[in-house]
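Reader: Before I rely on any part of this model, I would like to learn how to read its confidence, its elements and its chain contacts. Could you take me through them in that order?

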Amino acid sequence: MRVPVSKKNPTGITIRDRHLRRIKGTYLDGSEIDSVFRQYDRTTIVRPTHGKLEDYRNADQFDELIAIWTDYFNRKFNANPPLDPDVVKALIASESGFRVDPRENRKAFGIAQITPETLKIVQDPAGEAKDFIFTKIRQKDLKDPHIAIPIGIRWLFRKRITAMNQLKRPPDHEELILEYKGLLKSKTLYKEAALGKYRKEYARLKKK
Amino acid sequence: MRVSKRSSLVCFLIFLAGCATSSYQLIRSGERGTELIVSPDRVLLECEPLLDADEKGLSGFMMHVLDEENTVLTLVQGNTLDTDSCHRRMKKMSEILRTGKTIFIGGTGDLGEPRRKGRAHVFPRKGTFYGNGRVLGFAVITNEFGACFDAYSGDEKPCPREPFI
């Protein structure tokens with residue numbers, strides 16, 4: 001792209017790919033995440049269903065985070081169809097039971113059970129999620145749902161693409177969740193059981 | 001003949017005792033989850049290796065429970081676990097089952113859906129039974145001596161936690 005001629009850019013030409021991530025709003029660090037959350041226009045956001053998952057102690061505590069970040073990434077990626085916040089809520093129910101720091105796993109962390117590998121990818125300016133990245137997020141930060149939820153939702157959008165590449169069509173919400181769990185192509189009994197659990201939580205959220 | 005009659009009687013009594021101790025009781029099942037009290041012989045633990053998952057070294061934890069109609073319901077840990085963590089929890093839960101006679105199990109979700117025949121499960125002291133397609137989220141297991149294991153915080157106190165108190 002063309003930019004004003006300067007000492008740094010005597011040709012007046014620069015590579016958009018390198019600059020994109022330096023423009024405010026195209027990457028998220030801790031303070032930017034906090035700022036987006038505090039200043040987000042809440043008037044039109046779609047909130048996940050409230051008061052349906054009574055067997056989880058903190059089920060509704062993260063509704064606002066889920067609503068804002070789902071809306072944020074739906075807009076960022078111009079998602080069609082948009083991601084349903086109830087999918088995110090049912091996913092969190094199945095991943096962590098809404099516990100912010102589930103201890104019983106050494107390979108994934110926080111409420112959205114993000115792995116170190118995923119954290120690396122979503123922060124890699126040259127990686128598979130380079131079109132929108134996070135920065136300066138440490139593994140220990142994943143214990144904070146204000147950090148873990150936006151990363152989990154960003155990862156869902158990436159998984160939508162990887163699932164589509166495998167299926168050669170857009171995934172439905174169940175296939176998306178299986179891809180998030182890394183089980184889309186799995187033939188295990190566990191896959192069926194885990195999907196059954198997710199399906200039940202999602203159905204409860206959608207029940208009138 | 002006399003010895004034979006006596007040994008038959010002893011076998012019968014053991015059989016009766018076995019029957020008496022094998023139990024399944026549904027305490028509640030609804031919007032606030034499902035609670036069961038069962039004898040340990042009705043519980044089967046499984047860490048299924050997820051060899052075809054995207055990431056290596058993962059296992060899926062499941063607990064199979066033989067119900068009142070001798071069909072098998074499954075409680076599942078929704079997140080995949082590293083294989084070491086899965087086997088470590090199996091060991092701790094096996095101890096709960098070994099030392100207890102009355103096992104309390106808490107799960108998320110209800111048992112409202114109709115049964116449908118699934119995979120066969122072998123319960124060492126009971127035999128082979130088929131899955132009924134019913135799935136709950138695993139939440140907690142505890143015995144009458146207070147030994148307890150929570151799906152997401154292990155044996156860390158408090159255990160069990162709300163709403164399974």
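Reader: Which elements of chain A have the lowest and the highest mean pLDDT?

Author: pLDDT is the predictor's confidence in each residue, from 0 to 100. In chain A, helix 1 (residues 16-19) has the lowest mean pLDDT, 47, whereas helix 7 (residues 173-180) has the highest, 98. The mean for chain A is 91, and 91% of its residues reach 70 or more. Over residues 17-22 of chain A pLDDT stays under 50, and for these residues the model has six contacts beyond four places in sequence; a contact here means C-beta atoms, placed from the backbone, within 7 Å.

Reader: What conventions should I keep in mind?

Author: This is a predicted model, in which local features need pLDDT of at least 70 and side-chain atom pairs count only at pLDDT 80 or more, while totals for chains, interfaces and linings use all residues. Residues are numbered from 1 along each chain as its sequence is written, and chains are lettered from A and ligands numbered from 1 in the order in which they are written.

Reader: How many helices and strands does chain A have, and why does the span of helix 8 agree with expectation?

Author: Chain A has eight helices and two strands, in the order α-β-α-α-α-α-β-α-α-α from the N terminus. The expected span of a helix is 1.5 Å times one less than its number of residues. Helix 8 of chain A (residues 189-206) has 18 residues and should therefore span 26 Å, which agrees with its end C-alpha atoms being 26 Å apart.

Reader: Is helix 8 of chain A mostly covered or mostly open?

Author: A residue is buried if 20 or more other C-beta atoms, placed from the backbone, lie within 10 Å of its own C-beta. In helix 8 of chain A, 13 of the 18 residues are buried, so defined, and of the 208 residues of chain A 42% count as buried.

Reader: How many residues of chain B are in contact with chain A, and which element gives the most?

Author: In chain B, 34 residues are in contact with 32 residues of chain A. Helix 2 of chain B gives the most to that side, with three residues. By class, the side of chain B that touches chain A has nine nonpolar, twelve polar and 13 charged residues, where Ala, Val, Leu, Ile, Met, Phe, Trp, Tyr, Cys and Pro count as nonpolar, Asp, Glu, Lys and Arg as charged, and the others, Gly among them, as polar.

Notes: Helix = DSSP H or I, 4+ residues; strand = E, 2+ residues; numbered from the N terminus. Buried ≥ 20, exposed ≤ 12 C-beta atoms within 10 Å, placed from the backbone. Contact = placed C-beta atoms within 7 Å.
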